[in-house]
Amino acid sequence: MGAGTRVSPTLLSRGVSIREGRTYIHGIAVADLAEEFGTPVFIYDAAHIRAEVEAAKEAADWQVAYASKAFLCRELARIMDELGVHMDVASGGELYVALSAGFDPSRIVFHGNNKSVAEIEFGVAKGVGLFVLDSVAEISRLEKVAETAGRRQPVLVRVTPGVEAHTHEYVMTGQEDSKFGFSLASGAAEAALGMVKSSRWLDFVGIHAHIGSQIFLLDSYTKEVDALATLVEAHSPRLLNLGGGLGVAYVSGEETPGFDAWASQLYAALARNGIGRDIRVMVEPGRSFVAQAAMTVYRVGTVKRLEGLRTYVSVDGGMSDNPRPVLYGSGYEAFLPEAADAERDQVATIVGKHCESGDILIRDAILPASLEEGDLLATPVTGAYGYSMASNYNRVPRPPVIFVDESGARLAIRGENFEDMVRLEA
Ligand code: LLP
């Protein structure tokens, strides 16, 4: 982040405005929301999510699924259901949340490299639209469950295309050496397709691949399509699910390629490989729908100035509500919602309240020198893989999640309290 006055508007959701230094979301002051709901708090711009999903739907004649691992709660599942998109779930828990919100099971795509028999039974019983088969063991498990249920289960077969997307090692998934799916190069994918197509209880719908997450170089998707082309030609799937992974800007200077460019890239690669429009394309982004929709608002507790060394700004959350900086070294920016126009002229390290030195949210944040204990501090772009990966480390209660749009602010997930910290205990 370069020194400058305001936080870059490209990192903020569509409903955010700044007037006389105060930050508003759909006309409500962020400070008022912090007052009403407490801090830390995840503030989601529901209208932003809707707009992003609509933009993705309009970008091409493809089917759009939301990868719910990025963030899921019932309120969000209801929004996705209203928007008519599919939903990718990767566990029985995600499936349960979606269904309990009334999400249409026929639009659910059930992922996972190690679905338990109980999860498979749950999915089949609820009428999940598509299972994504990930292993030989799963093929026979699903076959048995489908046979018992007397229902032919529509499936996709997950293929690892051997494409290394340029992203963090932990979120790379398309390469040969992966726990996910059937490898193309070894012939495992071919063999799995043979098994599935000859099965009485599995209805072969198509092929799935996902090459990774936070991808900025669209060329990686061309490589994915190129890698899959021979298999597609040989097996005539009805559906080709090319995964998610579109990159999102977290700090100024980064720019998402956007849904239109992603669609153009994919369809050009499909056309070049002679893959016709009779094969439906599905994509399943998570991050790009929700990341920029939310900011986390904290309160500054202590400021420790070590002359000539560093200034530590401690906030009332940390690695328990945002583990991404610790896990992946991910960068974020910060700003003061009540002094959004103040010159940002000091470098400080924003840390959480957890009992370890690694609990860093932003190593070199640029903040106004006027920052004081008691100020509100916001980190934008925390809507994806923030709350969904939050923990109770140090028995710190998880923050509330609120949704804001033109109709006002509402609580989507209440904040945990100390009683919740012993709720599961005998
Ligand atoms: N489809 C599959 C099969 C996936 O595994 C994923 C993400 C997605 C779709 C959605 O990818 P997205 O569009 O959100 O990039 N916790 C990490 C990200 C892990 C992604 C796992 N799979 C992070 O915070 O960066």
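Between which domains does the ligand lie? In this predicted model, domain 1 (9–38 + 293–422) and domain 2 (46–290) both give residues to the shell around the ligand, so the ligand lies between them.

**The ligand and its shell**

Select the ligand next, together with the residues around it. The shell comprises 20 residues, and the closest of them are S213, R287, R324, Y328 and Y385. By residue class, the shell divides into six nonpolar, eight polar and six charged residues.

At G245, a backbone N or O atom lies 2.8 Å from an oxygen atom of the ligand. R287 likewise places a backbone N or O atom 2.8 Å from an oxygen atom of the ligand; R287 is also listed among the closest residues of the shell. On its own, the ligand has 580 Å² of accessible area, and the protein covers 92% of it.

**S330, in a loop**

Move to the loop between α11 (324–328) and β16 (346–351), where S330 is found. Is S330 buried or exposed? Its relative accessibility is 15%, and residues under 20% count as buried, so S330 is buried. Select A165 as well and draw the C-alpha to C-alpha distance: S330 and A165 are 17 Å apart in space and 165 residues apart in sequence.

**F42, in a strand**

Proceed to strand β4 (residues 41–45), which contains F42. With a relative accessible area of 1%, F42 is buried.

How many disulfides does the structure hold? The number is zero. C73 has a relative accessible area of 5% and is therefore buried. C355, by contrast, has a relative accessibility of 65%; the cut-off for an exposed residue is over 50%, so C355 counts as exposed.

Key: Residues are numbered from 1 along each chain as its sequence is written. This is a predicted model: local features need pLDDT of at least 70, side-chain atom pairs count only at pLDDT 80 or more; totals for chains, interfaces and linings use all residues. Side-chain values use heavy atoms; hydrogens and water are left out. A residue is near a molecule or strand if one of its heavy atoms lies within 4 Å of it. A polar contact is a pair of N or O atoms within 3.5 Å; within protein, one must be able to donate a hydrogen and the other to accept it, and residues adjacent in sequence count only if both atoms are side-chain atoms. Accessible areas come from the Shrake-Rupley method with a 1.4 Å probe; for residues, only the protein chains shown count as cover. Ala, Val, Leu, Ile, Met, Phe, Trp, Tyr, Cys and Pro count as nonpolar, Asp, Glu, Lys and Arg as charged, and the others, Gly among them, as polar. Domain bounds come from an automatic or database domain assignment. A disulfide is a pair of cysteine sulfur atoms within 2.5 Å. Buried means under 20% relative accessible area, exposed over 50%, partly exposed in between (1.4 Å probe, protein chains only). Helices (H or I, at least four residues) and strands (E, at least two) are DSSP runs, numbered from the N terminus.
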